[in-house]
Structure formats: structure tokens, C-alpha cells
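The sequence and the structure are shown first, and the description follows.

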Amino acid sequence: MGSATLCTGVDVHFSLPYPSHSTKFSSKPFSVRCKSSSSKSPPKSQPKPTLSDSDQTHPQIPSLSEQLKPLSKTILTGDISGRPHLVSKPKSTWINPTKPRPSVLSLQRHKRHNYSYNPQIRDLKLFAKKLNEYESESDDEGEFLAVLEQMPHPPTRENALLLLNSLKPWPKTYLFFNWIKTQNLFPMETIFYNVTMKSLRFGRQFQHIEELAEEMISTGIELDNITYSTIITCAKRCNLFDKAVKWFERMYKTGLMPDEVTYSAILDVYAKLGKVEEVLSLYERGRASGWKPDPIAFSVLGKMFGEAGDYDGIRYVLQEMKSLGVQPNLIVYNTLLEAMGRAGKPGLARSLFEEMVGSGVVPDAKTLTALVKIYGKARWARDALELWERMKSNGWPMDFILYNTLLSMCADLGLVEEAENLFEDMKKSEHCRPDSFSYTAMLNIYGSGGNVDRAMQLFDEMSDRGVAINVMGCTCLTQCLGRARRIDDLVKVFDVSLARGVKPDDRLCGCLLSVVSFCEETQDVNKVLSCLHQANPKLVAFVNLLGEKKIGFETFKEEFRIILTDTAVEARRPFCNCLIDICRNRNHLHERAHELLYLGTLYGLYPGLHNRTAKEWCLDVRSLSVGAAHTALEEWMATVSKIVQREEALPEVFSANTGTGTHKFSQGLASAFASHVKKLAAPFIQSEEKAGCFVATREDLVSWVQSKIISPAAVV
């Protein structure tokens, strides 16, 4: 008999092992066709289900701590051994869509213990005050314990707890707690450990707190929400974030649900660890449990997104607060304003500030400082000055940081008159007299504007008022005097600054090196180099090495590498620029200038110098000094000349970008670069559409090269 075909529909169901992510999938039947032979085989009896079969049919629900594992350890794991598989007899599982997810926190805060009235409270308070004021000359614990023997009343449970709560310095609290344990007068309870841990938290003594927690576990004393909250927040204050996560996970393993305080604290811990996914997962699960986050939790989210510069995340926080009807407080507004600044959204920061003021929240100095920084970074001078006028008219608080931030902004924007008015206001203030940073900002303003006399008057005023000069102020004044060619005054300022304790840094050394580059008289060069020798003798030795023609390139390269190694990263390019300028200003050292530019490019000091596309080659000299830009142009033209000579393909357009200085007193490269282009008779012209951009066509450049002798020397 021929084989028969059987067709039937099979309904296959499956479920995920994570209840928190349970989803009802729509299933469609599919057909299975099989053929039976003519000879009928006897039916086989079905085996009875074993224990393993039962386990497969009804998988065990994971614990809550396992549900809260990061996604990278659960869903995204590469281990497939634990993944669910279809059993021989799958059963349909109905998921109730109205059933809430398992709760991940307790919506009720831990109840604090009620203290009964203690008739000896007055005597014990006075004794606690005596203990707090007691200071041992030898720091001997025995002396403090001897004082404890003078306790006016017996150390009953209530008396001991009252004293423990009244002690302020953590060492005394810790000593008293250990002393109570040695007395064995009553069993130690959780509350005694909690009070001691809170005192230790003020002293950031996480090691002692963890030891007490381990002691509670070993002796069988219960750890409650307050205990875990204290442990986690202390670990957070001590920047021991891994420890905080460890104790938070242990809390779930014991079956204890965190309250809102602990939950907000662990959100902050994960945020500081940069684990954005975990923070959002915890937040969403808490919300699903009915949690209404407080302003502190939203402040954590806002700070996390702000540090990442995530504007969408900041907007999400604002939308969540609005949907839940949570009114931001001052802390949240400050956090969100700082986040807006990091995300580069000055307009939205201004709108948020106006919303804050309109809601009746009075800004503090931190709020105003954050907003001034945002305006200064965006170069919104008018908005910053209007904000200053509002501060004065509304009587909003101003502190040193805010005043100095305003002065720094005026220095960055070249607002001389406004800075002088602000500086005079500080002098008239009773609580915010100008300090070293205030004078530094003014020295920066006068130095950038070339007002040498006013800068020197300010320097003398600092001496008269006893205001210490810092290295930044010395650098600003040195640069100003160097540009004015007042070398004797420069030497005087440098010597006085060193005598007052200023320690030269790489930025000051770079400033002195810059002065050397445009000194014309040998005598002036030697004076500046003598100052530089006191700060960085190796750098002076390398400057003297520039003129040594007997030094080979490999030796020169190694010496330059040593200089860069000993220099801070942010000062390496300025050093190279200044050294190139020194070589350019000494006519016989042009070859060294080209070697330095090559080495600077080799060591990654000019990463964006050359940009090439199929249609355009660009030379970006915005990060170069005048001499370095001239050298780069010469090198570029020499390279292009060789390419033309080899008749290789060239783009349609060549451009050089010098940029435009945004500072009021900035001296851009455009004019100096234009002069050098004219000297070379190169066919570059300034773009009318983009300032600081010089453009040449391929045809013009090839024609120019062909009219010259094709050699680097001729181009230079």
C-alpha cells in the first residue's frame, strides 16, 4: 500500500525566562506534512514525565536580583546553554497584560524609631557636650574611655542610644559604640549600628562602615533599609562606586526592597559609573512599580545626560517632570542649566532660566555662574551684561566665583569698560574683594589690549594690597610687556613673581619663548633667555642648538623629542610654533624651521594641517603661528610644484584657511598670510564669501608653477 500524507496544524508557543520582559507573541499555526508507510508500526507508549521534564515545562522564575542584572549579562550574553528550548509537549501560557511587573522598590520609606521620653536627657546632653569638647593631648583612647566612666547615669539602652546620637566627631562615636559593646549590658540592635554608621559617613570612613556591616551579618543582626542606604551613600561619597553596587545587589539577594532614598542614591552611583542603560532600566522599572521620582532623582538624570552632552536626554528629563507634575527645585534647575551648557544650548538655557525665575525660584550664585559661563562660551556678551544688571537690580547673591567668572568672560570678549566697572564693584563690596584670580582677569584684559601702563599699575597695586600673583597673571603680564618690547620691565616682573612663590609652568615658558621669537636685539634675547633658563634650562639649551649647523638631523630630532616628552601635551604645539618663529626671524635658520614643521607633523602636533578631497586640497593653518604658517605654505607649494612637474592629477581648487580671530584684540593670521602670498607671487586670492580663506584654481596654480624654476629653493 502506498504511503499516505498527513497534514495537521501545530500551535507552537514559547515564553521568555524574564518575567519583567514578558511579552505576548501572536502565534500562527503552520502545517507539518509527514508520510506513513504501508506497514503500520505499533503505537509507542508515552514516557511518564520526569522531574527534569517538569522543570522544563515550568521553568523556575529568576530572583529579583537576577532580573536586575545589566543587559550585557542577560539578554546580550553569548552563552546559549541557559536559553529556553521547546519541550516535547509545549503548553500555552497566557500573560495577563494588566498584571504589573514585579516591584523593584518599596514605596514606603523606612519608619524611624520613636524615642520615649528620657527624664535624664538634660544630664546626658550636658555629658555629651563635655565629650564632644574633650580633646586629649596624647590622642590616647584610654583617656577618653576613662571619661566615659564619669557618665552621670547608668548606660541603659535608652541612655546609650541618646549619647550615641549626640556625639559629633566620628572617632568618638566609634569609640563609644565599641565601648558599649564591651559592657554587654543589653543586646546590640540595628539602630545602634545605623547611628554609628551615619557618624562614620560624615567622616567618609567607609572601611569602618563595611566592617560594621560584615559584623552585623556574622552576628545575625538585621540590616534594614537605613543600613543599606548609609552604606551605599558613604561608598558614593568616597567614590567607591563598585562597593555601592555590590551592597545594592546584596540588598536584593536578601529579599529587602530599597526605599526611595536608597533607590535615588543607587541611580546616582550608576550615573557616575557612566552606565546610562542601567540607570534608565532602574528608572523605568521604578516608575512601573508606582514610584514617583523626587527632584533629587531627576537631578541625577539631568546631570548624567548633561555630562554626556545629550540634549535629547535632558529634554526627556524635562518631559518626565512635566508629565508627573514634579516642580523642579533650585538644585534641579542648577543641574539642568549646567547640562544645557555642556550640550551647547545657550538659547534653551536662557529659556529654562526664565522659566525658573517665573516659577518663583530665586537663583543662587551657582545658578548665575552657570548661566554666565554659558553666555561667555557662546560669546553672548549682551545677554551676559543684561544678566549682570538684573543681578544688581534684584539683589541676587554674588560670590567670588561669580564675580571672577564675569571678569573672565569680559576678558575673553575684550569688554574693557564693563570689566573695569565690575572690578570697581568688587572693590566696594564687603564680602567679595578682588582676589588673585580677579586681578589676573584684569591683567589679561589690559595685556590683550596692549595697555602696558595700566597693567603695570595693577601689578604694583597687587603688591601694595598684599594680593598674591599667580602664574597665569605673570604669564599675561609677560606677554603684554614682551609685545611692547619692554624687556627690562619683563625681567623685573619675572623676578618679583618668582620671589613671591610663583612656579613657572609650560605656559609661562611658552610665553617667554614667544618673546624670544620677536626680539630683535641680541641683548634683549639674552635677557629673556636668562629668565627662561631659570624655568626650563633644557629648553634654553635646545634654543641654542638651533644654530648649530654641525648637528645632524637625527640628533636634532632626538633632542626635540626629549623636549616634547618633558612638556605638557597642551603646550607642545605652542613650543613648536615659537621655535619655528625663532628660526624664521633668523635668516640663516630657515632650513631648521622646515625641519621643525616636519617633526611637529610627525609627532602629531598638527593633525588637521592638510585636508584632501577629489575636488579640493586645503591647507589649514589656524593652529599655527605666523612663522609656522609661512613655512607650511612654502612646504605646500614645493610639494605641489613637484606634483605638477610629474604631471600627476590635481584637484580643481586649492584653499588655505587662516581663520578669523573672534577676540576683540586678536591678531589673526590673515593679514600676515596675505603678505607672504604676495611675496611669493602665488595665485591665491582672499575669498569674498568666507573670511580668512584664500583660494586658487588648478589652472592658475599650474601656470604659476610653470613660470618658476621647479625647485623648493626657488619657491621658498
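Which strand is joined to strand β5 (residues 653–657), and in which sense do the two run? Strand β7 (residues 693–697) is joined to β5 by 5 bridges, and the two run antiparallel. Strands, like helices, are DSSP runs (E, at least two residues, for strands; H or I, at least four, for helices), numbered from the N terminus. Two strands count as paired if DSSP finds at least two bridges between them.

The model is predicted: local features need pLDDT of at least 70 and side-chain atom pairs pLDDT 80 or more, while totals for chains, interfaces and linings use all residues. Residues are numbered from 1 along each chain as its sequence is written, and side-chain values use heavy atoms, with hydrogens and water left out.

β7 also pairs with strand β6 (residues 685–686), again antiparallel, over 2 bridges. In the hairpin of β6 and β7, 6 residues lie between the strands, and G692 takes a positive phi near 75°. Residues that face each other across these strands are listed below.

| Residue | Partner in β7 |
|---|---|
| Q686 | F694 |

Elsewhere, R592 is found in helix α30 (residues 590–602). R592 is buried (under 20% relative accessible area, with a 1.4 Å probe and protein chains only), at a value of 8%. Its side chain reaches the backbone oxygen of L546 at 3.4 Å, and a polar atom of that side chain lies 3.2 Å from the backbone oxygen of I551.

Overall, the protein has 34 helices and 7 strands; 43% of its 716 residues count as buried.

Notes. Buried means under 20% relative accessible area, exposed over 50%, partly exposed in between (1.4 Å probe, protein chains only). A polar contact is a pair of N or O atoms within 3.5 Å; within protein, one must be able to donate a hydrogen and the other to accept it, and residues adjacent in sequence count only if both atoms are side-chain atoms.
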